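Hello,

Here is the structure I promised to pass on to you. My notes on what turned up in it follow below.

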Amino acid sequence: MAQEIVQTITTTGDSVRRGDVISVGGIPHVVADVRGVGGQRKLLQFEDGNTYVLSRAMIIEVARVYTPRRAALVQRSTGASTQPARRLLGTTPGRH
């Protein structure tokens with residue numbers, strides 16, 4: 001099983017997705033569901049049952065989990081060097 005990488009990113013409410021971790025009042029909450037509601041807002045349902053209404057344009061920080069294998073695919077598709085991704089996966093060039 002590949003090791004997961006947690007990255008904190010700054011995004012808008014429009015880009016929040018399931019699995020993101022958002023800190024509300026200093027308490028981290030994992031997003032279980034995201035739904036659009038009237039007035040250009042998003043309703044975030046957290047795994048613990050709490051909800052939060054967020055403007056789609058609001059800038060927030062979220063923690064997002066990635067896997068090295070997925071990172072390698074993204075790097076290859078953008079033309080970036082795959083050396084760091086291969087190191088994370090434990091593979092070397094020429095051996096697959």
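**Around Gly-19**

Not counting residues up to four places away in sequence, Gly-19 touches Val-30, Val-31 and Ala-63. Please keep in mind as you read that this is a predicted model. Gly-19 sits in the loop between strand S1 (5-12) and strand S2 (21-24), and its relative accessible area of 37% makes it partly exposed. The C-alpha atom of Gly-19 lies 7.1 Å from that of Arg-64, although 45 residues separate the two along the chain.

**Salt bridges**

Arg-64 also turns up in a salt bridge, with Asp-20 as its partner and 2.8 Å between the closest N and O atoms. This pair links distant parts of the chain, with Arg-64 in strand S6 and Asp-20 in the loop between S1 and S2, 44 residues apart. Arg-64 is buried, at 9% relative accessibility, and Asp-20 is buried as well, at 1%.

The count of salt bridges comes to 3. Another one joins Asp-14 to Lys-42, with the closest N and O atoms 3.9 Å apart. Here too distant parts of the chain are linked: Asp-14 belongs to the loop between S1 and S2, Lys-42 to strand S4, and they are 28 residues apart. Asp-14 is partly exposed, with a relative accessible area of 42%, whereas Lys-42 counts as buried because its relative accessibility, 12%, is under the 20% cut-off.

There is also a salt bridge between Arg-35 and Asp-33, at 3.1 Å between the closest N and O atoms. Arg-35 is partly exposed at 41%, and so is Asp-33 at 29%.

Beyond four places in sequence, the residues His-29 touches include Asp-20, Ile-22 and Phe-46.

Ile-22 and Phe-46 are both among the 9 residues of the largest nonpolar core, together with Ile-9, Val-16, Val-31, Leu-44, Leu-54, Ile-60 and Val-62. Strand S4 (41-46) and strand S6 (59-66) are the elements that give two or more residues to this core. Leaving aside its neighbours within four places in sequence, Ile-22 is in contact with Val-16, Val-31, Leu-44, Ile-60 and Val-62, among others. In soluble globular proteins, nonpolar side chains tend to be buried together.

Best wishes

Definitions and conventions: Residues numbered from 1 in each chain as written. Predicted model: local features only at pLDDT ≥ 70, side-chain atom pairs only at ≥ 80, totals over all residues. Heavy atoms only, no water. Contact = heavy atoms within 4.5 Å. Core = buried A, V, L, I, M, F, W, Y, C linked by side-chain atoms within 4.5 Å. Buried < 20%, exposed > 50% of the residue type's maximum accessible area, 1.4 Å probe, protein only. Helix = DSSP H or I, 4+ residues; strand = E, 2+ residues; numbered from the N terminus. Salt bridge = Lys/Arg side-chain N within 4 Å of Asp/Glu carboxyl O.
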